[in-house]
Amino acid sequence: MIDTQTILHNLGIGKNYKGFRFAYYALMLVLQDEDKLENLKQDVLIPVAMTCGTSYSAVERGLRTVIQRAWSVNPGLLREMARFPLDRQPTVSEFLVIISTHVMRSKAASRPVMHEAGQLNFLPLSKN
């Protein structure tokens with residue numbers, strides 16, 4: 001299983017970007033409840049802004065900056081995680097969907113499986 005910080009780092013988004021923190025908190029909210037994406041401003045951007053002591057527009061701008069960074073540094077990885085044709089830089093909501101879905105697939109792929117004999121084994125990560 002891969003964690004959110006590692007994914008952001010692999011996309012070229014370091015902790016030196018203010019948007020890193022915004023992206024991390026936004027992804028934590030979305031991973032808790034993906035329905036929050038339906039009302040992005042109210043359910044994600046504003047809570048992240050309150051947590052980080054800034055405005056929701058600063059959060060949105062910071063997210064756009066890290067998305068632009070990811071698109072310029074590692075568009076191939078972003079396309080691979082998307083699993084759909086991505087021929088342009090994703091929007092904020094698309095980026096959050098791509099990363100959160102990738103994290104959820106990763107967690108599901110590494111979920112332990114109980115066998116008949118009572119042995120606990122982990123499923124290998126899928127490359128699909």
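1. Start at Thr4. Setting aside neighbours within four places in sequence, Thr4 is in contact with Tyr24, Leu27, Met28, Leu31 and Val103. Contact here means heavy atoms within 4.5 Å. Thr4 sits in helix H1. Its relative accessibility is 5%, so Thr4 counts as buried. The cut-offs for relative accessible area are under 20% for buried, over 50% for exposed, and partly exposed in between (1.4 Å probe, protein chains only).

2. A word on the model. This is a predicted model, in which local features need pLDDT of at least 70 and side-chain atom pairs count only at pLDDT 80 or more, while totals for chains, interfaces and linings use all residues. Residues are numbered from 1 along each chain as its sequence is written, and side-chain values use heavy atoms, with hydrogens and water left out.

3. Overall make-up. The protein chain has six helices and two strands. Their order from the N terminus is α-α-α-α-α-α-β-β. Helices (H or I, at least four residues) and strands (E, at least two) are DSSP runs, numbered from the N terminus. The chain has 128 residues, and 35% of them count as buried. Its accessible surface is about 7700 Å², with 51% belonging to carbon and sulfur atoms. These areas come from the Shrake-Rupley method with a 1.4 Å probe; for residues, only the protein chains shown count as cover. Among contacts in the chain with a separation of 6 or more, 49% join residues 24 or more positions apart.

4. The core. In soluble globular proteins, nonpolar side chains tend to be buried together. Here the largest nonpolar core has 34 residues. Such a core is a set of buried Ala, Val, Leu, Ile, Met, Phe, Trp, Tyr and Cys residues joined through side-chain atoms within 4.5 Å. The residues with the most contacts inside this core are Leu11, Ile13, Val48, Leu78, Phe95, Leu96 and Ile99. Two or more residues come from each of helix H1 (4–10), helix H2 (18–32), H3, H4, H5 and H6. H2 gives the most, with seven residues.

5. Ile99 deserves a look. Leaving aside neighbours within four places in sequence, Ile99 is in contact with Ile7, Leu11, Leu27, Leu78 and Met81.

6. H3 against H4. Two packed helices are described by the angle between their axes and the distance between the axes. Helix H3 (residues 40–52) and helix H4 (residues 56–73) pack at about 95°, with axes 8 Å apart. Axes are lines fitted to C-alpha atoms, for helices over the stretch in contact, and angles run from 0 to 180 degrees between N-to-C directions. H3 and H4 are therefore roughly perpendicular to each other. Angles under 35 degrees count as roughly parallel, over 145 as roughly antiparallel, 65 to 115 as roughly perpendicular and the rest as oblique. On the H3 side, Lys41, Leu45, Ile46, Val48 and Ala49 meet Tyr56, Val59, Glu60 and Leu63 of H4. The contact residues divide into seven nonpolar, no polar and two charged. Ala, Val, Leu, Ile, Met, Phe, Trp, Tyr, Cys and Pro count as nonpolar, Asp, Glu, Lys and Arg as charged, and the others, Gly among them, as polar.

7. H4 against H5. This pair packs at about 105°, with axes 5 Å apart. H4 and H5 are therefore roughly perpendicular to each other. Ala70, Trp71, Ser72 and Val73 of H4 make the contact with Pro75, Leu78 and Arg79 of H5. These residues divide into five nonpolar, one polar and one charged.

8. The loop between H5 and H6. Asp87 lies here, between helix H5 (75–82) and helix H6 (92–109). Asp87 counts as exposed, because its relative accessibility is 71%. Asp87 and Pro75 are 12 residues apart in sequence and 9.3 Å apart in space, C-alpha to C-alpha. Arg83 is in this loop too. The phi of Arg83 is near 60°, a positive value in a residue other than glycine. Arg83 has a relative accessible area of 44%, so it is partly exposed. From Arg83 to Thr101 is 18 residues in sequence and 10.0 Å in space, C-alpha to C-alpha. Thr101 belongs to helix H6, and is partly exposed at 29% relative accessible area.

9. Finally, Tyr25 in helix H2. With neighbours within four places in sequence left aside, Tyr25 is in contact with Val48, Thr51 and Cys52. Tyr25 and Thr51 are 26 residues apart in sequence but 8.5 Å apart in space, C-alpha to C-alpha. Tyr25 is partly exposed, with a relative accessible area of 31%.
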